[in-house]
Amino acid sequence: MTAPVLIVGAGIGGLALAQALTRQGVPVRVIENAAVLRPVGAGLILASNALRVLDRLGLGDAVRAAGHPLSGAQLTTDAGRPLQTLSYTASGGAVGLHRAALQRVLAQGLEGQLLLGTTLRALHPQRAGVEVTLSDGTVQRCRAVVGADGLHSSVRALLFGAVAPRYAGYTSWRFVVPRPGPAQATELWGRGCRLGLVPIGPDQTYGYLTVNAPEQPPQVARPPGTMAEVLAHAAPFGGPVPAVLARLVPGAPVIRTDIHEVHLRRWGQGCVTLLGDAAHAMTPNLGQGAAMALEDAWVLGQHLAATADVPAALARSEALRRPRVEAVQRQSRRVGQAGQLEDGALRALRDLAMRLTPAAAAQRASQGLFSVHLDG
Ligand SMILES: Cc1cc2nc3c(=O)[nH]c(=O)nc-3n(C[C@H](O)[C@H](O)[C@H](O)COP(=O)(O)OP(=O)(O)OC[C@H]3O[C@@H](n4cnc5c(N)ncnc54)[C@H](O)[C@@H]3O)c2cc1C
């Protein structure tokens, strides 16, 4: 029997790769640290480039049905005064949905290949393929190993040693309000602080805050975020914010994460590679983290299925993906730098420039983000 491709991490990118390979008859095994795929996380925006990958995987309709169609995104001042509007409809549509709903759709049909509560302990490269030791003590031969295990990737550490993610200078809180909010994605830019509201269902709104702050210490048992923190940082915001936050459920889960980027000179070595956040975590300012993991998964899946030469397939896939990912990472960082400004004069200039930019020019500038070359 052909040795499987081992995918480490049943998140967005790992499951998408498992779908892409399974559909082409390539055997896969997915191992996931978590003992159960709990509905953790909050909301995500999937723009048209992400939806194109999901359509190719045959999962686009299920994802659209699980989420909420987004016609556009509006940027406003902290008081709710419009600064710029982007039409998602003009660029092929977008969906807002809970991360757990996307993960559920991506996991469909993979139950037999998924091993929960398991991680990777060691990698032993062979002449062809890789021998791995799993946390349950089993030793397996694999055709390739793909680290899709997120920002704090253990596969990355096994490959390259400790690589410290680069802190972007701001932290975040994410939460879900069980009530409708604005009809389209709305982000309000305050002083060193942004607040976003995204419809992810007929009566569910995903909320997030990004706030300039020192990096939190990397401790394992860090206290979770709280609603009190969200309400304190949200207090200066007007527009739709007070009405939505009045509906917050006390004690509802709030996710607090610092915002990091990952930069690597190489994403892999031999028959082992990384994808998604493990390879190139980016700031969330363009809502493209999950989309990049999906694009990576599609491209890697095509290359792995097309040839028996695994190192060549991984190298070609990385060469194709790297310029695209680095451009999006850069663009996202710049949006964050502008959005997190604190100085009053600079903020006034920024807001003026945004108001004076014609909608068509702003739309054109975002076009490259949504059009992607998935074949080759
Ligand atoms: C719990 C969680 C909640 C999130 N919530 C949001 C959100 O609300 N909004 C948002 O925009 N983005 C969120 N993200 C980030 C977003 O999903 C990712 O940026 C994006 O989807 C990139 O996907 P990825 O597949 O590279 O990584 P991820 O989607 O992060 O998936 C990584 C997977 O690997 C697993 N894993 C980690 N370490 C190991 C290990 N050592 N062995 C085996 N498996 C391992 C994780 O449990 C996870 O299932 C969240 C990520 C996680 C893990």
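The legends below describe close-up views of a predicted model. Residues are numbered from 1 along each chain as its sequence is written. In this predicted model, local features need pLDDT of at least 70 and side-chain atom pairs count only at pLDDT 80 or more, while totals for chains, interfaces and linings use all residues.

**View 1. The mixed sheet of 6 strands.** The strands of this open sheet follow the order E8-E2-E1-E12-E19-E18, and their pairing is mixed. Helices (H or I, at least four residues) and strands (E, at least two) are DSSP runs, numbered from the N terminus; two strands pair if DSSP finds at least two bridges between them. Strand E8 (114–116) and strand E18 (268–269) are the edges; each has a single partner strand, so one side of each lacks a neighbour in the sheet. Strand E1 (residues 5–8) runs parallel to strand E12 (residues 144–147), and 4 bridges join the two. Opposite Val-5 stands Ala-144 in E12. H1 packs on this sheet and touches E1, E2 and E12, with a direction at about 165° to that of E2. Contact between two residues requires that their C-beta atoms, placed from the backbone, lie within 7 Å. Axes are lines fitted to C-alpha atoms, for helices over the stretch in contact, and angles run from 0 to 180 degrees between N-to-C directions.

**View 2. The antiparallel sheet of 3 strands.** E3-E7-E4 is the strand order in this open sheet, and the pairing is antiparallel. Strand E3 (43–46) and strand E4 (68–70) are the edge strands, each pairing on one side only. From one strand to the next, the twist averages 30°. E3 is joined by 4 bridges to strand E7 (residues 94–98), and the two run antiparallel. Leu-46 has Val-95 in E7 opposite. Across E3 and E7 lies helix H4 (residues 99–107), which runs at about 95° to E7.

**View 3. Helix H1 against helix H4.** Helix H1 (residues 12–23) packs with H4 at an angle of about 20°, and their axes are 9 Å apart. H1 is therefore roughly parallel to H4; angles under 35 degrees count as roughly parallel, over 145 as roughly antiparallel, 65 to 115 as roughly perpendicular and the rest as oblique. The two helices, H1 and H4, cross in a left-handed sense. A crossing is left-handed if the near helix is turned anticlockwise from the far one by less than a right angle, and right-handed if clockwise. H1 contributes Ile-12, Leu-15, Ala-16 and Gln-19 to the contact, and H4 contributes Leu-102, Gln-103, Leu-106 and Ala-107. The contact of H1 with H4 has 6 nonpolar, 2 polar and no charged residues. Ala, Val, Leu, Ile, Met, Phe, Trp, Tyr, Cys and Pro count as nonpolar, Asp, Glu, Lys and Arg as charged, and the others, Gly among them, as polar.

**View 4. Helix H1 against helix H9.** H1 and H9 pack at about 30°, with 8 Å between their axes, and are therefore roughly parallel to each other. The crossing of H1 past H9 is right-handed. Residues of H1 in the contact include Ile-12, Gly-13 and Ala-16, and those of H9 include Ala-290, Leu-294 and Trp-298. By class, the contact of H1 with H9 has 13 nonpolar, 2 polar and 1 charged residues.

**View 5. Helix H2 against helix H9.** Helix H2 (residues 48–56) packs with helix H9 (residues 289–306) at an angle of about 40°, with axes 9 Å apart. The pair H2 and H9 is therefore oblique, and H2 passes H9 in a left-handed crossing. From H2 come Asn-49, Ala-50, Val-53, Leu-54 and Arg-56; from H9 come Ala-290, Ala-291, Leu-294, Glu-295 and Trp-298. This contact of H2 with H9 divides into 7 nonpolar, 1 polar and 2 charged residues.

**View 6. The shell around the ligand.** Of the 30 residues around the ligand, those that come nearest are Gly-9, Gly-11, Gly-13, Gly-41 and Gly-276. A residue is near a molecule or strand if its C-beta atom, placed from the backbone, lies within 6 Å of it. Two or more residues of the shell come from each of H1, strand E2 (28–32), E3, helix H8 (277–280) and H9. The shell has 13 nonpolar, 12 polar and 5 charged residues.
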